[in-house]
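Good morning, and thank you for making time for this item.

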2 protein chains.
Amino acid sequence: MQAPLQNHVLISEVGPRDGLQSVSRTMATDYKLRWITALYDAGLREIEVCSFVPAKHLPQMADGAKVVEHALSLPGLTVMALVPNRRGAQSALKAGVHKLTVPVSASAAHSLANVRKTRDEMVEEIRAIAALRSELAPQVQLEVGISTAFGCTLQGDVPEDDVIRLAAQCVAAGADESGLSDTVGYANPTQVRRLFRRLRAEIGDRAGAAHMHNTRGLGLANCLAAWDEGVRTFDSSLGGLGGCPYAPGASGNVVTEDLVFMFEAMGLCTGVDIGKLLAARVPLRAGLPGEPIYGMTPEACLPKGFVQGVACV
Amino acid sequence: MQAPLQNHVLISEVGPRDGLQSVSRTMATDYKLRWITALYDAGLREIEVCSFVPAKHLPQMADGAKVVEHALSLPGLTVMALVPNRRGAQSALKAGVHKLTVPVSASAAHSLANVRKTRDEMVEEIRAIAALRSELAPQVQLEVGISTAFGCTLQGDVPEDDVIRLAAQCVAAGADESGLSDTVGYANPTQVRRLFRRLRAEIGDRAGAAHMHNTRGLGLANCLAAWDEGVRTFDSSLGGLGGCPYAPGASGNVVTEDLVFMFEAMGLCTGVDIGKLLAARVPLRAGLPGEPIYGMTPEACLPKGFVQGVACV
């Protein structure tokens, strides 16, 4: 969901799902709860807390219902879960989430490799999830993230027409919004501007979040480009955890700390306290000792005399 | 100097000066020459090869004349040297450089701390250097880089009026162009756009390069912002060497490899071959074994099917 004011930005924290899912170890449930609380205390108001997938595939996410239960106790937090299909949606709705997010790949090759479904079959899955949502919990938001929207490691180029058509099909099938994800870090600012402009022309206010990766260092530049095109919701993860990092120093996901710093320095309101955000790294480190986490702002500290939150009046 | 075409970008490589100057060890002259040749072979056509300062202050730069002599043998390369004052300019002109660059700090505190001169005294130094240039080698370009243009670790905020006035004074004193440097990594895209817009309004085509740092991860986003405002020359260093890095993973200078990747991916022409640019890391590593160097694109490799140089026709 887009933040309401022109100078407001919604940072959608994906670390507890996207981040933890890409780490082979499993963070103990207690640490997850402490970490989510710390993220909330920093001012984050949308958190992707888990995914609902078979535990045999992703043992890291087996405690989803417990994690959701805790997150629901935090007032004003939008509790989001990733679900790959109708069955996952059923579990998530039963757990009481506020928002479902479903990845739908614009790359034909990636769609088959990732969920063993064609893109058309995924649109039908969205239709089924939307119907289930309307039946069980009509207030729940349903978001689609068009993955590999900017290119794919399997098929290379992904035609822009495919991306835009798929986003429109998902909205027509019942999704409240479709965002665009740079799953493999191929995006560049010119492409980001062009695609979000086309997306908005096609589906208007149902154009959703920008989910950018920092694989080649362009994460923040691509977020800036998306901001310029009117995007007001951005996915990122604390410490850049997750998002298929390729190499030391090359985080996959955009680093929440750096993203918040950029927007706050630009005089925009994220609602996030950077000092408390840095403190949220403590339970992350404690729960996954030795796991590499990233971020330039945490190392460099804030500029002398830096005042944040000036736009949040 | 701005590249002539709207879709062309000039990458001004500062590693052999700015990079090597911030490393306490001294790279042997032979390695410097090999490194500069490799940068040239990759297509870079402006390189800041050394500074002319007393060897007792910067022993790393004691072989400046020899380095310049070698660089002058590379056809079509603009050979640039940093000089802090008239005496340094004299040595650089004698060595035969094509371009002088002089840092002039917009922060009163930083100016005194860095060169023990007030800003007004530095404007007079520019006047003296310009006169010397006209006398000895009128074809040589004189560039000023306004340092701490976006903030200062000593005095914090730097008034924008100070920055713009100083740039205009330097041009009036004889500089061919004034660029803006984010010496300490404080800049944000909104500020970058605002300042370069004001600079262009004030001095027109004499508005020079953007020298951005990646201290807080915003280096490429700030370069994008400067590009949007018409800047066509960007300073960066191979492997992000130099530029006061604060911490592991936090390079100071913008990484040439990532910057070239961004612009090429945007369909712009840098004239630089990314594969050969990666090869230029070899002599850098060989000449400074164990020195940390940075860059995401070198770790992640190019996207599948990526074609560069499409705009260079």
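A definition first: helix axes here are lines fitted to C-alpha atoms over the stretch in contact, and angles between them run from 0 to 180 degrees between N-to-C directions. Please also bear in mind that this is a predicted model.

With that convention, consider helix H9 of chain A, residues 219-228, and its counterpart H9(B). Their axes lie 6 Å apart, and the two helices pack at an angle of about 40°. That angle makes H9(A) oblique to H9(B), since the oblique class begins where the roughly parallel one, under 35 degrees, ends. The crossing of H9(A) past H9(B) is right-handed. Which residues make the contact? On H9(A) they are Leu220(A), Ala221(A), Leu224(A) and Ala225(A), and on H9(B) they are Leu220(B), Ala221(B), Leu224(B) and Ala225(B). By class, this contact comprises eight nonpolar residues, with no polar and no charged ones.

Let me widen the view to the interface between the chains. Here 37 residues of chain B are in contact with 37 residues of chain A. On the side of chain B that touches chain A, at least two residues each come from helix H8 (189-203), helix H9 (219-228), helix H10 (256-265) and helix H13 (297-300) of chain B. The residues on that side of chain B comprise 19 nonpolar, 13 polar and five charged.

I return now to chain A. How many of the 10 residues of H9(A) are buried? The count is nine, and the helix is mostly covered. Among the buried residues are Gly219(A), Asn222(A), Cys223(A) and Trp227(A), as well as the four that H9(A) brings to its contact with H9(B), namely Leu220(A), Ala221(A), Leu224(A) and Ala225(A). After this helix comes Gly230(A), with a positive phi near 95°.

H9(A) also has a partner within its own chain. Helix H8 of chain A, residues 189-203, packs with H9(A) at an angle of about 30°, and the axes are 8 Å apart. H8(A) and H9(A) are therefore roughly parallel to each other. This crossing, too, is right-handed. From H8(A), the residues Pro189(A), Val192(A), Arg193(A) and Phe196(A) meet Ala221(A), Asn222(A), Ala225(A), Ala226(A) and Asp228(A) of H9(A). The contact of H8(A) with H9(A) divides into six nonpolar residues, one polar and two charged.

The next element is helix H4 of chain A, residues 86-95. Its buried residues are Gly88(A), Ala89(A), Ala92(A), Leu93(A) and Ala95(A). Why do they fall on the same side of H4(A)? They do so because they cover an arc of only 155° around the axis. The elements that cover them include helix H3 (64-71), strand E3 (78-82), strand E4 (99-105) and helix H6 (119-136) of chain A. Just after H4(A), Gly96(A) has a positive phi of about 100°.

Helix H3 of chain A holds Val67(A). This valine counts as buried because it has 25 C-beta neighbours inside 10 Å. Leaving aside residues up to four places away in sequence, Val67(A) touches Thr29(A), Lys32(A), Leu33(A), Val49(A) and Cys50(A).

Most residues other than glycine have a negative phi. Arg116(A), however, has a positive phi near 55°, and Thr148(A) has one of about 50°. Arg116(A) lies in the loop between helix H5 (108-115) and H6 of chain A, whereas Thr148(A) is in the loop between strand E5 (141-147) and helix H7 (160-172). Are these two residues buried or exposed? Arg116(A) counts as exposed, with 8 C-beta neighbours inside 10 Å, while Thr148(A) is buried, with 28 other C-beta atoms within 10 Å.

Finally, a residue of chain B. Arg127(B) lies in helix H6 of that chain, residues 119-136. With 17 C-beta neighbours inside 10 Å, Arg127(B) counts as partly exposed. Arg127(B) touches Ala173(B) and Gly174(B), again leaving aside residues up to four places away in sequence. The C-alpha atoms of Arg127(B) and Gly174(B) are separated by 5.9 Å, although these residues are 47 apart along the chain.

Key:
Residues are numbered from 1 along each chain as its sequence is written. Chains are lettered from A and ligands numbered from 1 in the order in which they are written. This is a predicted model: local features need pLDDT of at least 70, side-chain atom pairs count only at pLDDT 80 or more; totals for chains, interfaces and linings use all residues. A residue is buried if 20 or more other C-beta atoms lie within 10 Å of its own, exposed if 12 or fewer, and partly exposed in between; C-beta atoms are placed from the backbone. The arc is that of the directions from the helix axis to the C-beta atoms. Two residues are in contact if their C-beta atoms, placed from the backbone, lie within 7 Å. Ala, Val, Leu, Ile, Met, Phe, Trp, Tyr, Cys and Pro count as nonpolar, Asp, Glu, Lys and Arg as charged, and the others, Gly among them, as polar. Angles under 35 degrees count as roughly parallel, over 145 as roughly antiparallel, 65 to 115 as roughly perpendicular and the rest as oblique. A crossing is left-handed if the near helix is turned anticlockwise from the far one by less than a right angle, and right-handed if clockwise.
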